[in-house]
Amino acid sequence: ELTYARLKQATRLVLAGAVLIGTNPDLLLPSEDGFEPGAGTLVGAVAAASGQAALFVGKPEPHMIAAALQRLGTDPQRTVMIGDQVATDILAGQRAGLFSILVTTGVPEAPQTQIRPDLTVTSLALLG
């Protein structure tokens, strides 16, 4: 659970030289009753308070996807990345050489993005 005390501690650690690492920069996540803050919101708060940029180790960087492909023995040309966030999910898939499918869940897109998915669908049921 996020508390002010934990946010304060994280900020102080980064100010003291700790590296700020996040899994992804997603600001919003869809939930059953609307939206909720994503990891990028929480990392962004510490980054703003400390003045230090975060290093993201997950999407949109392709490293975890490459590791998963290797572990599973899957060829990127035969693998699909499905996601609801263009700037993270779709970009990560494209950087890893995967076919990318955007599912429109209502998460607002960055208005100036040049990233285009290979396919856009309104529901995962349309892929079955």
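# Close-up views of a predicted protein model

**View 1. Lys59 and Asp26 form a salt bridge, with their closest N and O atoms 2.8 Å apart.** A salt bridge here is a side-chain nitrogen of Lys or Arg within 4 Å of a carboxyl oxygen of Asp or Glu. Side chains of opposite charge can pair when their charged atoms come close. This pair links distant parts of the chain, 33 residues apart: Lys59 sits in the loop between β4 (55–56) and α3 (63–72), and Asp26 sits in the loop between β1 (21–22) and β2 (28–31). The helices (H or I, at least four residues) and strands (E, at least two) are DSSP runs, numbered from the N terminus. This is a predicted model, in which local features need pLDDT of at least 70 and side-chain atom pairs count only at pLDDT 80 or more, while totals for chains, interfaces and linings use all residues. Residues are numbered from 1 along each chain as its sequence is written, and side-chain values use heavy atoms, with hydrogens and water left out.

Are these two partners buried or exposed? Asp26 is buried, with a relative accessible area of 2%, whereas Lys59 is partly exposed at 23%. Buried means under 20% relative accessible area, exposed means over 50%, and partly exposed lies in between (1.4 Å probe, protein chains only).

**View 2. Lys59 also forms a salt bridge with Asp89.** Here the closest N and O atoms are 2.5 Å apart. Again the pair links distant parts of the chain, with Lys59 in the loop between β4 and α3 and Asp89 in helix α4, 30 residues apart. Asp89 is buried, with a relative accessible area of 5%. Look at the three residues together: Asp26, Lys59 and Asp89 are linked in a network of salt bridges.

View 3. Thr88 is found in helix α4 (residues 86–95). Thr88 counts as buried, at 4% relative accessibility.

**View 4. Arg95 and Glu61 form a salt bridge.** Their closest N and O atoms are 3.2 Å apart. This pair, too, links distant parts of the chain: Arg95 is in helix α4 and Glu61 is in the loop between β4 and α3, 34 residues apart. Arg95 is partly exposed, with a relative accessible area of 43%, and Glu61 counts as partly exposed at 28%. How many salt bridges does the structure hold? The count is three.

**View 5. Helices α1 (residues 4–15) and α2 (residues 39–50) cross at roughly 50°, with their axes coming within 9 Å.** The axes are lines fitted to C-alpha atoms, for helices over the stretch in contact, and angles run from 0 to 180 degrees between N-to-C directions. The two helices are therefore oblique to each other. For angles, under 35 degrees counts as roughly parallel, over 145 as roughly antiparallel, 65 to 115 as roughly perpendicular and the rest as oblique. α1 passes α2 in a right-handed crossing, meaning that the near helix is turned clockwise from the far one by less than a right angle.

Leu7, Ala10, Thr11, Val14 and Leu15 of α1 make the contact with Ala45, Val46, Ala49 and Ser50 of α2. Seven of the contact residues are nonpolar, two are polar and none are charged. In this grouping, Ala, Val, Leu, Ile, Met, Phe, Trp, Tyr, Cys and Pro count as nonpolar, Asp, Glu, Lys and Arg as charged, and the others, Gly among them, as polar.

**View 6. Gly51 lies in the loop between α2 and β4.** Gly51 counts as exposed, at 61% relative accessibility. Val14 is 37 residues from Gly51 along the chain, and their C-alpha atoms are separated by 9.1 Å.

**View 7. Ile101 has its place in strand β6 (residues 99–103).** Ile101 is buried, with a relative accessible area of 6%. Leaving out residues up to four places away in sequence, Ile101 touches Val80, Met81, Ile82, Gly83, Ile90, Leu119, Val121 and Leu127. One of these, Gly83, is 18 residues from Ile101 along the chain, with 6.5 Å between the C-alpha atoms.

Terms used: Contact = heavy atoms within 4.5 Å.
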